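Please look through the sequence and the model below before reading on. The report that comes after them takes up a few local features one at a time.

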Amino acid sequence: MSGIQKLLRPRSVAVVGASADPAKTSGRPVAYLQKHGFEGRIYPVNPKASEIGGLRCYPDIRSLPEAPDVAIVLLSAQRTQQAIAELAAMGTGAAIVLASGYSETGDVGARRQRELREAAGSMRILGPNTIGLVNLTDRITLSASGALELDELTSGAIGLVSQSGGILGALLSRAAARGIGFSKLISTSNEVDLDLADFVDALVDDPATRVIALYVESIRNPRTFRAAARKAAAAGKPIVAFKVGRSASGAQAAASHTGALAGADAMYDALFDETGIIRAQTFADLLDIPAALADDRKLGGNRVAVLTSTGGAGTLVADSLGVAGFELPAPDAATGAALRALQTGDHAALDRNPIDVTLAGLQPDLLRNAIRIVLESDQYDALVVIAGSSAVAQPELMAGALRDSLTPDGKPVLAYISPHAPRAAEVLSRYGVPAFAAPESVGAALSAMRRVQGGKLSGVRAERPVRDDTPAHAASPATVEPHKALDEAQAKALFAQFGIPGVREIIVNADAEAEATRAARALGPRVVLKLLSRDITHKSDVGGVAVNVAPEDIAQRLRQMRIDVRQHTGKPPQAYLVQEMVTGAAEVIVGLHHDPLGTAILLGMGGVVAELVRDTTLLLLPDDGAALTAQDVEAALRRLRTWPLLDGYRGRPTCDVPALVQAVLAFARMASTLQGQLLEAEINPLFVKPTGQGVCAADGVVVMKD
């Protein structure tokens, strides 16, 4: 068995620093192992006790009768190092270090953490600063979490990996109260050795796990994480991730908790999109969505029936589903007739959706028949049933009716519990019906099911061709001026070498008014005059841009620009650009973004309003020797709110999107070819002309590494 296999399924466990008092944190692991039925060997280690929990207690690690598969170390940070060294020397498979005082505390702690890793040698380490792990499939509780005080823990198909020990306990207790089962729960915390990627990889291979849930503060090893996520997608095991640190305050708190630097939140969106990970938008989603995905029923379409006996709750759910993009068609004639046959009178609204069935006293037979009729109807792909006030007094009534209506390969059935009825939620979950306490959770769960429709994660990029690092338009290092910022003309010349055309333009000297006039006449009838400088990026801010200039006015406009730029910067211009005036084109920004998670291409609405509109998306560059595809780029463009402006919005000409896609691919090739040299690169704007007319770069920024 490997170290990680021993950690997940040990046959023997040493508890170093165990206390005879089960009320203490150090007394919990032995007590929990016994309480929850661990069948292996337990070795408490404490020089001050001869027996703990009816087990022989050993005075030190060297006295143990064998090298344990796993050791739980409950000592202080100062004493842990020696214990880890002794455990590693005797051949222990893995150690769980609960102590804090490592990288989360600063430089001294970071040095202590490095020393901990060195002391472990080839022995695997979970932690430090962890609460441990719980294997509910095999009843193995290697943790001091107080959530294990619960007498009954439900095993299930959800594997959780959390970078916070407290969150592990919070989700375990919440899931137990709702009848939701976990397979494994792992707290990685500071990740001196084993990290998120290691356990995602292990859970993909775990037959008891069908869905993986992640509580993420920071991804320390993006490359291995991406590989593990792709492995999960290939295996058909969806990953649901809740990422904290969306705000500056949250990012700072996350970093101080585990001692890791957080990447930009938008980069996590790009990473999750590339690897098919479903991002939980709320903390509640981290439990609700995996609970729905753990069900084997597949969502075959977008049409949902809502069956309710309480109109207000039905409206809440319908609204949530509508926001999530689902359709709620009214019952067709056959379905409506079958429903009407169940009851007499005018108490039911059966010609609309939500289907309001006032089933007097909620008679179980009537409820079963209504559920059956809707599930058998070709009109619907899923059913949401509203549990009303009767769920408080009679939780088994609706749960039993739903249980009796389910088939293993049938349509998804979900429940929204309108009153506060935790017992009803627990019963429904145990019967295989995902139950939710918030209407928004219903929409989130069905949206996630839609993404994994048919068992295939729709967000994962298709197989990509291996990247050609010497494309047709590639620049050799000799053609790039390193160690400095390029001026606009040089930047666009670099872009052109990779296949991105620029606007027609002519460089003129600072005092060459006659030369500027000749250039304007050659490029007219109207032109753009720009300051040309390596030092000034935002030329408009210093009076360095004039648009829609007639050739006869160019000399006067050049003189005025000379005055304006000198007033703003204290220096006169050294050169100008005279450019053709492009009209009737959309403006897009294409940029390069570096982050601890990797390198991404930024796409969005461009021009002078780019920073004001802030409609951008990031497209993460592959890290596996592959190239982006046209499908990748077009999917990213379609995520923009302003995508309709490229697609013929309100009678506008449709833009040349294929040419835009090729330009973005060329920009990505440039970023890959010049990787390590290129600090910054941006085209803003990139003009996208009507279909068939191509694109051209109107402005550009490039900064090379010193």
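## Basis of the report

This is a predicted model, in which local features need pLDDT of at least 70 and side-chain atom pairs count only at pLDDT 80 or more, while totals for chains, interfaces and linings use all residues. Residues are numbered from 1 along each chain as its sequence is written, and side-chain values use heavy atoms, with hydrogens and water left out.

Strand β1 covers residues 12–16, where strands (E, at least two residues) and helices (H or I, at least four) are DSSP runs numbered from the N terminus. Five of the five residues of β1 are buried, a term that stands for under 20% relative accessible area, with exposed meaning over 50% and partly exposed in between (1.4 Å probe, protein chains only). Ser12, Ala14 and Val16 point one way from the strand, whereas Val13 and Val15 point the other way.

β1 runs parallel to strand β2 (residues 41–45), to which five bridges join it; two strands count as paired if DSSP finds at least two bridges between them. Val16 stands opposite Val45 in β2. Together with helix α2 (residues 28–35), β1 and β2 make a right-handed β-α-β unit, right-handed meaning that, with the strands pointing away from the viewer, the path from the first strand over the helix to the second runs clockwise. β1 also pairs in the parallel sense with strand β5 (residues 70–73) over four bridges, and there Val15 has Ile72 as its bridge partner.

## The hairpin of β8 and β9

Strand β8 (residues 132–135) pairs with β9 in the antiparallel sense over four bridges, and Gly132 has Ser143 in β9 as its bridge partner. The hairpin has four residues between the strands, and in it Arg139 takes a positive phi near 60 degrees. Strand β9 (residues 140–143) is covered on both faces, with Ile140 and Leu142 buried on one side and Thr141 and Ser143 buried on the other.

Helix α6 (residues 196–204) is largely enclosed by the rest of the structure, because seven of its nine residues are buried; among them are Leu196, Phe199 and Val200.

## Two buried aspartates

Asp193 lies in the loop between β11 (182–187) and α6, and it is buried, with a relative accessible area of 13%. Its side chain makes a polar contact with the side chain of Arg124 (2.9 Å), that is, a pair of N or O atoms within 3.5 Å, of which, within protein, one must be able to donate a hydrogen and the other to accept it, and residues adjacent in sequence count only if both atoms are side-chain atoms. The side chain of Asp193 also reaches the backbone nitrogen of Ile125 at 2.9 Å.

Asp632 lies in helix α22 (residues 630–638) and is buried, with a relative accessible area of 9%. A polar atom of the Asp632 side chain lies 2.9 Å from the backbone nitrogen of Thr629.
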